[in-house]
There are 4 protein chains.
Amino acid sequence: MTGIVTPLFSDGSDEAAPGKRELTKALNRDAILKAARAVFSELGYEAASVRDIIRRTGLASGTFYNYYRSKEEVAKALAADVVQRLRPILRAEREQATDFESYLNGAIRAYFRFLIGEVEIWGPGRPRAERFPHIRVQTPAQGAVFEEILASINLVIEHGLAPRVDTEYLTAALIGVAQNIGEKMLHRDPVDPEAAARFAVELILRGIGALPKREPA
Amino acid sequence: MTGIVTPLFSDGSDEAAPGKRELTKALNRDAILKAARAVFSELGYEAASVRDIIRRTGLASGTFYNYYRSKEEVAKALAADVVQRLRPILRAEREQATDFESYLNGAIRAYFRFLIGEVEIWGPGRPRAERFPHIRVQTPAQGAVFEEILASINLVIEHGLAPRVDTEYLTAALIGVAQNIGEKMLHRDPVDPEAAARFAVELILRGIGALPKREPA
Amino acid sequence: MTGIVTPLFSDGSDEAAPGKRELTKALNRDAILKAARAVFSELGYEAASVRDIIRRTGLASGTFYNYYRSKEEVAKALAADVVQRLRPILRAEREQATDFESYLNGAIRAYFRFLIGEVEIWGPGRPRAERFPHIRVQTPAQGAVFEEILASINLVIEHGLAPRVDTEYLTAALIGVAQNIGEKMLHRDPVDPEAAARFAVELILRGIGALPKREPA
Amino acid sequence: MTGIVTPLFSDGSDEAAPGKRELTKALNRDAILKAARAVFSELGYEAASVRDIIRRTGLASGTFYNYYRSKEEVAKALAADVVQRLRPILRAEREQATDFESYLNGAIRAYFRFLIGEVEIWGPGRPRAERFPHIRVQTPAQGAVFEEILASINLVIEHGLAPRVDTEYLTAALIGVAQNIGEKMLHRDPVDPEAAARFAVELILRGIGALPKREPA
DNA sequence: CATGAATGAGCATTCATTCAT
DNA sequence: AATGAATGAATGCTCATTCAT
């Protein structure tokens, strides 16, 4: 029952380095986050218990509460973390986009590439899912990502880049397409975000009349 | 606090078609299913407990286990039930479809109309969702419905009606679009399945090049 | 881990007798109450835990909650029980009293006799008390008893039987005297409620000028 | 969140009377005692936790254990403190008393005046009490005070100043009267210790035949 | 000596499941 | 077959206490 332990050997650099205490704290916090991410992914947010999380860290049960007040709080931290990494990417895409087409292109590509860096969140092969295959559960991180994309799309639309359609339905469709194609993409070998993005973007753009009909391949 | 009870004394007429015994059994089974559907919808599958379900039926807790072995089993029954009602509709659409366009048209329309008849499954206003908005939960019935549609699309594609695209991505996109637009549709007032279906179908069909570009509105 | 068990042999009398189930329930309820009384008395209400109570019954932990929702509820039941037994006695004394003197005489006597029947509530030798002797804890039953006496006194006073004094201070004094002398009485051998009552009553009555000065013994 | 801290660097002057170190220690000790007194008064002794106490001091949790080994120990210190202040007062009263009447007069007055100076110990409005009103909790200080008075009375009695009564019952009655009237006194506005003392003293003295019957008011 | 994170026992409570009635 | 009480594992969480820093 050791969990994260104080490093046995100091590196001697005491200047700006965090003290042993701070280090252990940071390590523990990370360990909890990591464990939570894994547990949420395997069991689903609802089914996961705080004890599942700490059990996986090897820390004592009480220790969890030194870092987070509840399962919900870890979930929020996890979501915040993923959002913090995704948001600037989406913002950049918005800023350099000249029209809806270029925005969508960039955003979807960015999202798919982002996905690949986060496989353990969408991680193919969730055992929980096997127990009752009909239910698809979202982890907090996944939920946060979709909300972020939604927000990004809405921003673009508000700025007049919108195509002339029912925008609520459009964003719903967009999210749906990105969500499902992204997930399929992760199961392919090799994982090819460019191809997936091309498919999704063309489908949407031509679907709303922003692209010419596809040439027969 | 008895709910549906077995009559203590039979009136001697045991030969009539369903039989008193069988009738009560069927009633109880239905009561449990109905309660489960409501509970799953209100609390979400994971958060719902067997106790929540039987509490709502008024039956005794032990009685539950005469019909189902666990929450999972009721969920499966619920899924089976919804599938049983959806499947023939989708099959009919497949059988009378002449091309992918006509199939998709029929299937999506059928699905959206079906949704409306099952509002209590998608029931807007799940309080649980409010507590942690990032998480979207699926009820067993919802999961089953999506799986059924997926299967139907795959059948159509296997039978050669497929458009010339990556069919796995296509079905993924299709499901995503139907799923998300269907959900949005349910929250509108008035609920208009035809308009929603038109949007979804045109998006997909034009998206894969099966429809001409949309005229400027 | 057997706790209260179903009696092994029925006595064959099935007429008005409670079913086995009801009997066990009644026995369990009593066992819990009894255990709670002992635990409160030994550990004090605050220090006692629900687990202490059920541990002492030998029942399973969950079983407690089939009978009471919390420690507070058992405490209330305990208090209600003691009050239910004390109240009619006090009422009788009030009704047959002709003046304050006769009321007080009757009430104090009744209270002291009642105490003796409830030794296990005031039980001499509370181990908890030894752990930190400065603290005197009241069990819920004790509290209820004092409240009941207080109410009784106030009733008498309201009905004009009051002596001409500051009645709030009078009742306070009365309760204090009864409380402390009663407790001392229980530790004597032999326990003599009559002598104790005589002392308390004379002290109070002469104290408020309702009795002549005591003759030198 | 440091509360009282040990200065990180000494200024070299370590020889001054109490010494920096000793001073800080005394300050911390006092801070803990003060916090404990407040916490016990607000929450009751049993409900109060060591954490509650240190939280209120602003000190680190571990620091508590440099001064006291447990909640019980602070309680004892608190009791000792109050006793230390009360004892000389009572002794003085004993020493200048010529008979039981004069002693009682002085002692009760002293006690009631003392009470007023320690309102925060008896502090009216303990929220805990409201949650389950039947239970009256004593703080360690309160208990100590009563024990001290008890001891004082017994001393007087041993020295032959005793009236001709059952002295054990007498002290019990005395304590009871002082305790309850004292408490009521604190809730009156204005708080009048003289009046309260007069009531209590006359009640007891006349009660044991040491005073003539009261004149009709 | 102060600090505050780690520890793990303990508590209240809920729940799925069993089984005597 | 229906009932509902009993069971005990499991959960979220708090707390006293220790100890490396």
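Q: Before I go on, what should I know about the model and the numbering?
A: It's a predicted model: local features need pLDDT of at least 70, side-chain atom pairs count only at pLDDT 80 or more, and totals for chains, interfaces and linings use all residues. Residues are numbered from 1 along each chain as its sequence is written, while chains are lettered from A and ligands numbered from 1 in the order in which they are written.

Q: Okay, what's the surface near DNA strand E like by class?
A: There are 11 nonpolar, 26 polar and 9 charged residues. Ala, Val, Leu, Ile, Met, Phe, Trp, Tyr, Cys and Pro count as nonpolar, Asp, Glu, Lys and Arg as charged, and the others, Gly among them, as polar.

Q: Switching to the protein chains: how many residues of chain A are in contact with chain B?
A: 41 residues of chain A are in contact with 41 of chain B; contact means C-beta atoms, placed from the backbone, within 7 Å.

Q: Which elements of chain A give two or more residues to that side?
A: α4 (71-96), α8 (140-161), α9 (167-187) and α10 (193-207) of chain A do. α9(A) gives the most, with 11 residues. Helices here are DSSP runs of H or I with at least four residues, numbered from the N terminus.

Q: And how does chain A superpose on chain B?
A: A rotation of 177 degrees with 0.1 Å of shift along its axis does it, with an RMSD of 0.6 Å. That's the relation of a two-fold axis.

Q: Which surface does each copy use?
A: The same surface serves both, as 100% of the contact residues of chain A recur in chain B.

Q: What about α10(D), which residues in that helix are buried?
A: Among them are F199(D), V201(D), L203(D) and I204(D). Buried means that 20 or more other C-beta atoms, placed from the backbone, lie within 10 Å of the residue's own.

Q: What covers the buried residues of α10(D)?
A: The cover includes α9 (167-187) and α10 (193-207) of chain C, together with α5 (100-117) and α9 of chain D.

Q: And what follows α10(D)?
A: G209(D), whose phi is positive, near 80 degrees.

Terms used. Copies are superposed by least squares on the C-alpha atoms of residues with pLDDT of at least 70 in both. Two residues are in contact if their C-beta atoms, placed from the backbone, lie within 7 Å. A residue is buried if 20 or more other C-beta atoms lie within 10 Å of its own, exposed if 12 or fewer, and partly exposed in between; C-beta atoms are placed from the backbone.
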